[in-house]
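I opened this entry to jot down what I looked up, one topic at a time. Have the structure at hand and follow along with me.

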Amino acid sequence: MAIFQSIKFRLIGLGVLIIVAGVMLRMFFALPYAQGLLRDEAAAQQLSIASYIARDIDHSIQARQALIAELSSALPPALLSQPEKLFNWIRERQRVNPLFNSGLLVLRPDGSGLLAEYPTVAGRSSLVFSNTAWFQAALHADSPVMGKPQRGRANGEPILIMAAPVRDAARQVVAVLAGVVVLNTPGFLDRLQETRLGFSGGFLLVSPADKLFVGASDPSMVLQPTPAPGVNLLHDRAMAGYRGTGITINAKGVEELSAMVTVPSTGWFVVARMPTAEVFHPIMEMLGFYLKNTLLIVIGMIAVLMLLLPRTLRPLTDAAHAMREMADGKRQLAPLPVKRQDEVGGLVLGFNYLVERLREKETALKASEARMAFMAHHDALTGLCNRAMLEDRLQQALARAQRDGTHFALLFCDLDDFKPINDEYGHDAGDAILCQIAARLLDERRATDTVARLGGDEFVVLLTDLNDARSAAVGVAQQLLAAIGIPFNIAGTILELSASIGIALYSGASISTSQLMSQADIAMYQAKRAGKNEFCVFDEAMEPTSI
């Protein structure tokens, strides 16, 4: 097996490929040309058929839109209060021009039910339409609207609904007239579903806005969602607006020749598709015939190359052996000496360059790991410690205080009325203020203290190793309120803010870190109730339910 892995064998293979390529160019020069002609001819035919079907669908859609517009304009508003006459009116129109084979509906203006329908479908009169997109669109439209293709809620058939408002003399909407057509109705989409291309090709009708197959030669695909992006690249282009022809791999892994044509009045598009195996079947038969006849010639050429290939690649083998030892750890990774200015020397130079790049990447990787470690424990916006880092520091402070008998304090700082600034001046201004707040909170802090951002406009300051926890925490709280009270200059706009601070003290009692955070939070809300821009120290009288 070693011979098949050697550079010598690969060079022989390269020679064989060159020879075979020459033979192939002569043998198959005409075949790709013929294949291209056949593909173009098939694509043109598919495009023509797809255009015909698209025009037919477009005509059917426009005819139904025109009918629903005409009927909504002709419907006398006075009939809306006369159910029997309204029923007779729509029944007569439906019989004269039955384009909406699933019926005409007159809906109340609030969508709570039907004023009349013909023909009657069981269960449809009890449906509520107020939240449907097509009904809401019809209420505000001056021309007919078309709903999303769907399965009817009453009978489960694939349907399409078109609707238009009925207005009184004052132009107020007093009802909505809707027409329902079953998608596979004769004269509508039946040609698309009944027509096939070749043995296994067919057609699709796609709604890009709804990401649905409206119709298909395969009935199981009707009203199914279109493939996710990346599954069929030509389909992705068609969904983005491309119209024309192309070859693609469909969701089932079959290569197809497809043609896409727009249905203008809907934004839908028709796809005529056929497996390329059917399109190129004559060409592939000819290709197989040529391959069989050239096999013996190729075998003879391989034998000649095996005998004539010079055995002068020993230096290259030595260099490969040294590289393998470095890869296995038997030899230190280091540049190899360049002894020859030929292909072998070029290979060694490339290896030496790779060694240098590996060293650079190792240095960059270590720097990246350091950055990732920092990001895992710090807030991305302000650079302060995040919640995870704060909890770790708080656990350490609690353990140290219990062990050494020291004290610490937790200050929970929440900005007052920060949301209006965010809403009025935008998130960029809000982020700039949060960064300045972080800098002010860090100012005058000791190396043993921790300043963290919990998220939004909430900050926590942890003061450790304190002799008099209350006095120190109160002093820091006063300093923080004064610092935050200094006006902020954001892009020339002067803004003022205040904060409410809750203080929780650890003085030796048995308590958990979550309880300390809860106490500080309770005290902070007490400070807000006291008028904001205040601080409050937690005591036992404060109950969590008072928040």
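Is Phe-135 buried or exposed? I looked it up in this predicted model, and Phe-135 is buried, with a relative accessible area of 1%.

**Entry 1: aromatic rings**

I stayed with Phe-135 for a while. Together with Phe-129 and Trp-134, Phe-135 forms one aromatic cluster. Trp-134 is buried too, at a relative accessible area of 7%.

I then listed the ring pairs and got a count of four aromatic pairs. One of them is Phe-87 with Tyr-118: the ring centres are 5.7 Å apart and the planes stand at 75°, so I noted the pair as edge-to-face. Phe-87 sits in helix α4 (residues 83-96) and Tyr-118 in strand β2, so this pair ties together parts that are 31 residues apart in sequence. Phe-87 is partly exposed, with a relative accessible area of 28%, while Tyr-118 counts as buried at 18%, because the cut-off for buried is under 20%. The rings of Trp-134 and Phe-135 have centres 6.2 Å apart and planes at 85°, so that pair is edge-to-face as well.

A cis peptide bond joins Tyr-118 to Pro-119, with omega at about -10°. I found Pro-119 in the loop between β2 (114-118) and α5 (133-139).

Next I looked for positive phi values outside glycine. Arg-171 has one, with phi near 70°. Arg-171 belongs to the loop between β5 (158-167) and β6 (173-182), and its relative accessible area of 55% makes it exposed. Glu-444 is another non-glycine residue with a positive phi, of about 70°. I placed Glu-444 in the loop between α14 and β13 (450-455), and at 59% relative accessibility Glu-444 counts as exposed.

**Entry 2: nonpolar cores**

Which residues have the most contacts inside the largest nonpolar core? I noted Ile-57, Leu-75, Val-106, Leu-160, Leu-183, Leu-205 and Val-270, in a core of 46 residues. Helix α3 (residues 30-74) gives the most to this core, with ten residues. Apart from this core lies another, of 34 residues, and I wrote down Leu-434, Val-461, Leu-480 and Phe-488 among them.

Leaving out residues up to four places away in sequence, Leu-160 touches several residues, including Ile-61, Met-146, Pro-149, Val-181, Leu-183, Phe-188 and Trp-268.

**Entry 3: a helix pair**

Two packed helices are described by the angle between their axes and the distance between the axes. With that in mind I took up α14 (residues 427-442) and α15 (residues 469-485): their axes come within 9 Å and cross at roughly 145°. The crossing of α14 and α15 is right-handed. On the α14 side the contact is made by Ile-437, Arg-440 and Leu-441, and on the α15 side by Gln-479, Leu-480, Ala-483 and Ile-484. Sorted by class, that contact of α14 with α15 has five nonpolar, one polar and one charged residues.

**Entry 4: Phe-408**

Last, I turned to Phe-408, which lies in strand β12 (residues 407-416). Phe-408 counts as buried, at 1% relative accessibility. How far apart are Phe-408 and Phe-269 in space? I found 70 Å, C-alpha to C-alpha, and a separation of 139 residues in sequence.

Technical notes: Residues are numbered from 1 along each chain as its sequence is written. This is a predicted model: local features need pLDDT of at least 70, side-chain atom pairs count only at pLDDT 80 or more; totals for chains, interfaces and linings use all residues. Side-chain values use heavy atoms; hydrogens and water are left out. Helices (H or I, at least four residues) and strands (E, at least two) are DSSP runs, numbered from the N terminus. Buried means under 20% relative accessible area, exposed over 50%, partly exposed in between (1.4 Å probe, protein chains only). A nonpolar core is a set of buried Ala, Val, Leu, Ile, Met, Phe, Trp, Tyr and Cys residues joined through side-chain atoms within 4.5 Å. Contact means heavy atoms within 4.5 Å. Axes are lines fitted to C-alpha atoms, for helices over the stretch in contact, and angles run from 0 to 180 degrees between N-to-C directions. A crossing is left-handed if the near helix is turned anticlockwise from the far one by less than a right angle, and right-handed if clockwise. Ala, Val, Leu, Ile, Met, Phe, Trp, Tyr, Cys and Pro count as nonpolar, Asp, Glu, Lys and Arg as charged, and the others, Gly among them, as polar. Rings of Phe, Tyr and Trp (its six-membered ring) pair if their centres lie within 6.5 Å; planes under 30 degrees apart count as stacked, over 60 as edge-to-face and the rest as tilted.
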